[in-house]
Amino acid sequence: MTRVFISDAKPEERSALRLVILDLEMEVVGEAADWATTLAQAPVNHTDMLLIDWDLLPNSPTAALDELRRACPAALVIVLISHLDARQQAALSSGADAFISKGETPERVAERLRSVAAGIRPV
């Protein structure tokens, strides 16, 4: 089962993501509303996939995602963005494996998560 960690400042967005993840029969292993908690808890939960809100990343997204990758080297990183603009390219060039727009329908979010999860190798 794919183990997912959700990092988003808004509880309602974490809740919506949790429902989509559970519907996909993935396991939510942790949640955080800030960057420091994400860095502290994601590695402990043996996370396969990290959903990270772009707005939670510190001033240097590349350095932040590098630090996260050192803490969770096997996890796929998906950046959640509010608008499809320059942030999409920035998210990918900062080291994210994929991105998902928060404006997508739940079905489209599920499709993207399923697609990314297909690339996770069982341990």
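1. A polar contact here is a pair of N or O atoms within 3.5 Å. Keep that in mind for Asp48 in this predicted model: its side chain reaches the backbone nitrogen of Arg3 at 2.8 Å. Asp48 sits in the loop between α2 and β3. The residue is buried but has no salt bridge, and the nearest side chain of opposite charge, that of Arg3, is 5.1 Å away. A salt bridge needs nitrogen and carboxyl oxygen within 4 Å, so at 5.1 Å Arg3 doesn't qualify as a partner for Asp48.

2. Strand β1 (residues 3-7) pairs with β2 over 5 bridges, in the parallel sense. Within that pairing, Ser7 has Ala32 of β2 as its bridge partner.

3. Now the charges: the count comes to 9 salt bridges. One of them joins Arg18 and Glu31, with the closest N and O atoms 2.5 Å apart. That pair links helix α1 to strand β2, 13 residues apart. Arg18 is partly exposed at 28% relative accessible area, and Glu31 is partly exposed at 24%.

4. Arg69 and Asp97 form another salt bridge, at 2.9 Å between the closest N and O atoms. Arg69 is in helix α3 and Asp97 in the loop between α4 (86-93) and β5, so the pair ties together parts 28 residues apart in sequence.

5. Arg108 and Glu111 meet at 2.7 Å, N to O, in a salt bridge. Both lie in helix α5 (residues 106-117), 3 residues or about one turn apart. There's also a network of salt bridges linking Asp8, Lys10, Glu13, Asp53 and Lys102.

6. Last, Gln41. This residue is in helix α2 (residues 35-41) and is partly exposed at 33% relative accessibility. Beyond neighbours within four places in sequence, Gln41 is in contact with Phe5 and Glu31, the latter being the salt-bridge partner of Arg18.

Technical notes:
Residues are numbered from 1 along each chain as its sequence is written. This is a predicted model: local features need pLDDT of at least 70, side-chain atom pairs count only at pLDDT 80 or more; totals for chains, interfaces and linings use all residues. Side-chain values use heavy atoms; hydrogens and water are left out. Helices (H or I, at least four residues) and strands (E, at least two) are DSSP runs, numbered from the N terminus. Buried means under 20% relative accessible area, exposed over 50%, partly exposed in between (1.4 Å probe, protein chains only). Contact means heavy atoms within 4.5 Å. Two strands pair if DSSP finds at least two bridges between them. Lys and Arg count as positive and Asp and Glu as negative; His and the chain ends are not counted. A polar contact is a pair of N or O atoms within 3.5 Å; within protein, one must be able to donate a hydrogen and the other to accept it, and residues adjacent in sequence count only if both atoms are side-chain atoms.
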